[in-house]
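Subject: Structure for you to look through

Dear colleague,

I am passing on the structure below, and I would be glad if you read these notes with the model open beside you.

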Amino acid sequence: MTELENHHYVILTQGQTHPTPAKMAAGILRYRPERVAALLDAEQAGHDTGELMGMGHGIPIVADIGDAIGLGANALLIGITPPGGRLPDDWRAIILDAIEKSLDIVGGLHSFLNDDPEFAAAARRKGVTLIDLRRTPDDLSVNRCRAKDLANLRVHTVGTDCNCGKKVTALEIDKGLRWMGK
């Protein structure tokens, strides 16, 4: 089991609880809703995630980290994909509060949590793990033409922009093939 599989998330969408800016949140809500305790958006607290996101029905939107911990959250997932992949400045305090409350932090932004001296120091102090999903492993090897020797079916999804649905398309193809017993 990977460290990500041990997490029950509060997904941070503060002020951006809509499927377009909260693309990461939408993906988790669509494909792994059982891993989500709540969404964190003080502006939308009290609503159901399904009302605003169209998925994740029954998952509450809460105002603060403490509410999410009370619902079983043990990690905060940054749930948006902002232009440029940079963390909104006003979210720093929220992330530091989550670290202070011993939640692991998972981010998929282009700005890495582990490269932020303040986040890294706070995480060390609290024994919290910062997980940067976009950081490539040191041992990553690419373009070795290994796929040509595989007997399995592969479907290549491509797009002209980073927000056109390649991941969702691939997940839906996988889901359909599994349903068909393939």
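A42 touches Q14, V62 and A63, when residues up to four places away in sequence are not counted, and contact here means heavy atoms within 4.5 Å. This is a predicted model, in which local features need pLDDT of at least 70 and side-chain atom pairs count only at pLDDT 80 or more, while totals for chains, interfaces and linings use all residues. Residues are numbered from 1 along each chain as its sequence is written, and side-chain values use heavy atoms, with hydrogens and water left out.

A42 lies in the loop between β2 and α2 (49-53); helices (H or I, at least four residues) and strands (E, at least two) are DSSP runs, numbered from the N terminus. A42 counts as partly exposed because its relative accessibility is 43%, where buried means under 20% relative accessible area, exposed means over 50%, and partly exposed is in between (1.4 Å probe, protein chains only).

A75 is in strand β4, and it is buried because its relative accessibility is 0%. Leaving aside neighbours within four places in sequence, A75 is in contact with H7, H8, Y9, V10, L103 and D104. Of these, Y9 is 66 residues apart from A75 in sequence, yet the two are 5.0 Å apart in space, C-alpha to C-alpha.

L76 is also found in strand β4, and it counts as buried because its relative accessible area is 0%. With residues up to four places away in sequence not counted, L76 touches V10, L12, L40, I65, I95, A98, L103, D104, I105 and V106. L76 and V155, by contrast, are 79 residues apart in sequence and 32 Å apart in space, C-alpha to C-alpha.

Which residues touch the most other members of the largest nonpolar core? Of its 44 residues, they are L40, M53, L76, I78, I95, I99 and I105, and strand β2 (residues 36-40) gives the most to this core, with 5 residues. A nonpolar core is a set of buried Ala, Val, Leu, Ile, Met, Phe, Trp, Tyr and Cys residues joined through side-chain atoms within 4.5 Å. I99, not counting residues up to four places away in sequence, touches I105, F119, A122, A123, K126, V128 and L130.

I80 is found in the loop between β4 and α4, and it is buried because its relative accessible area is 2%. Apart from neighbours within four places in sequence, its contacts are L12, T13, Q16, P21, A22, M24, P88, W91 and L109. I80 and P21 are 59 residues apart in sequence, but 5.4 Å apart in space, C-alpha to C-alpha.

M24 is also one of the buried residues of α1, which are M24, A25, A26, G27, L29 and Y31. What covers these buried residues includes β1 (9-12), β2, α2, β4 and α6.

S102 has a positive phi of about 70 degrees although it is not a glycine, and its place is in the loop between α4 (92-100) and β5 (104-107). S102 is partly exposed because its relative accessible area is 41%.

Best wishes
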